[in-house]
Amino acid sequence: MIATYAPMFLMIATAALLAGIFFLGATFLGGKVNKTPEKMKPFECGSESSGARHLKPSVKFYLTAILFVVFDIESVFLYPWAIQFKTLGWIGIASMFGFLAVVIVALVYIVKKGALEWES
C-alpha cells in the first residue's frame, strides 16, 4: 500500500525541500533592502500612480464579479455534457434541461432584482 503513495510523498518532499532551500537562500544570501520613503511609495509601471486610492470600490462591483464567476462556472458544466451527449441518453438530456432551467430561473431572478444594473 505504501508503494502506491510513495511517488506522491516523494514529490511533496521534493517540493518542500526546494521551497525551503529557496527561502533560506533568499533570506541569507539576498541583499538587505534599505527601506526609504522613496522606495515605499506606490508606483505603477515605473511612474507614480494617480487616482483615488482612498476610495473603496462599491459592493456592486464585487456582486457583479461574483455573478460573472458563478454563471461562467455553470456554463463550463455544459461542455462535458455536450461531449457525452449521445451516451447519456434521455436521462442526461432531462438532467441538463433541469440544470438549465435552474440557471435560467436564477438569471431571471437576478435581472428582476436589478443586480446587473450599474448605477454610477
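Start with the protein chain in cartoon view: there are 4 helices and 2 strands to find. Trace them from the N terminus and the order reads α-β-β-α-α-α. Keep in mind that this is a predicted model.

Next, colour by pLDDT. The chain averages 84, and 88% of the residues score at least 70. Which elements have the lowest and the highest mean pLDDT? Strand S2, residues 47-48, has the lowest mean at 60, while H1 has the highest at 93.

Of the 120 residues, 8% count as buried.

**Stop 1: a patch**

Select Met1, Ile2, Tyr5, Met8, Phe9, Met11 and Ile12. Together they make a nonpolar surface patch of about 820 Å². Click on Ile12, one of these patch residues; you'll find Ile12 in helix H1, which spans residues 2-29. Is Ile12 buried, partly exposed or exposed? Its relative accessibility is 47%, so Ile12 counts as partly exposed.

**Stop 2: ring pairs**

Stay with the patch and show the side chains of Tyr5 and Phe9, both of them members. How many aromatic pairs does a search of the whole structure find? The search turns up 4. Tyr5 and Phe9 form a tilted pair, because their ring centres are 6.5 Å apart and their planes sit at 50°.

Tyr5 has 40% relative accessibility, so Tyr5 counts as partly exposed. Phe9 is partly exposed too, with a relative accessible area of 44%.

For another ring geometry, jump to Trp81 and Phe85. Their ring centres are 5.3 Å apart and the planes are at 85°, so this pair is edge-to-face; the angle is over the 60 degrees needed for that label. Finish by clicking on Phe85, which is partly exposed with a relative accessible area of 38%.

Technical notes: Residues are numbered from 1 along each chain as its sequence is written. This is a predicted model: local features need pLDDT of at least 70, side-chain atom pairs count only at pLDDT 80 or more; totals for chains, interfaces and linings use all residues. Side-chain values use heavy atoms; hydrogens and water are left out. Patches are made of residues with over 30% relative accessible area and no salt bridge: like charges are joined within 9 Å, nonpolar side chains (Val, Leu, Ile, Met, Phe, Trp, Tyr) within 5 Å. Accessible areas come from the Shrake-Rupley method with a 1.4 Å probe; for residues, only the protein chains shown count as cover. A salt bridge is a side-chain nitrogen of Lys or Arg within 4 Å of a carboxyl oxygen of Asp or Glu. Buried means under 20% relative accessible area, exposed over 50%, partly exposed in between (1.4 Å probe, protein chains only). Rings of Phe, Tyr and Trp (its six-membered ring) pair if their centres lie within 6.5 Å; planes under 30 degrees apart count as stacked, over 60 as edge-to-face and the rest as tilted. pLDDT is the predictor's confidence in each residue, from 0 to 100.
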